[in-house]
Amino acid sequence: MATIRIQVEAFDAAAETEALTTGRGDIGATVAFTGFCRDEGGRLSALELEHYPGMAEAEMARIASEAETRWPLLGLTVIHRHGLIRPGEPIVLVLAGSAHRHAAFEAAAFMMDYLKTRAPFWKREHLTDGTVGAWVDAKGADDAAMERWD
């Protein structure tokens, strides 16, 4: 069963990997993806992330369950932050563990493609000039990446 968390606080990817693997002789590979807030060429001071509490966790758990059905995973951790996140700070962690690397890579890619396109999170830019920008739309490339899993 996957570990799913939505939180304001930053996470420690190394500590999460240790928590997943300690005492486990069956895990032969972990793949960790950490997404960070970018400064967008110096114009972004922060990203504001909102989510629909309860629904976001349920949707993340549903897709994590699908990943566990598709691949022989021995552990899956998905952490997504919300609130005001500054450039250089982590936003999301997907950590997949399996006996072999292929399943871990595929499951991590699947989870990230889902999170980028279908998870109920909304992002708004806060600009360095003090203005609040528009809500950020999903990119066409993210939608195209998700199509490979259908």
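Phe110 and Trp149 are both buried (under 20% relative accessible area, 1.4 Å probe, protein chains only). The model is predicted, with local features requiring pLDDT of at least 70 and side-chain atom pairs pLDDT 80 or more, while totals for chains, interfaces and linings use all residues. Residues are numbered from 1 along each chain as its sequence is written, and side-chain values use heavy atoms, without hydrogens or water.

Three aromatic pairs are present (ring centres of Phe, Tyr or the six-membered ring of Trp within 6.5 Å; planes under 30 degrees apart are stacked, over 60 edge-to-face, the rest tilted). Phe110 and Trp149 pair edge-to-face, at 5.4 Å centre to centre and 85 degrees between the planes. Phe110 belongs to helix 3 (residues 101-117) and Trp149 to the segment after helix 4 (140-147), so this pair ties together parts 39 residues apart in sequence. Helices (H or I, at least four residues) and strands (E, at least two) are DSSP runs, numbered from the N terminus. Ring pairs join Trp71, Phe110 and Trp149 in a cluster.

An open sheet of four strands has the order 1-4-6-2, with mixed pairing (at least two DSSP bridges between two strands). Strand 1 (3-7) and strand 2 (29-36) are at the edges with a single partner strand each, so one side of each lacks a neighbour in the sheet. Gly75 has Gly97 of strand 6 as its bridge partner.

Helix 3 packs on the sheet and touches strand 2, strand 4 and strand 6 (heavy atoms within 4.5 Å). Its direction makes about 150 degrees with that of strand 6 (axes are lines fitted to C-alpha atoms, for helices over the stretch in contact; angles run from 0 to 180 degrees between N-to-C directions). Helix 2 (residues 55-70) lies across strand 1 and strand 4, at about 150 degrees to strand 1.

Key: Buried < 20%, exposed > 50% of the residue type's maximum accessible area, 1.4 Å probe, protein only.
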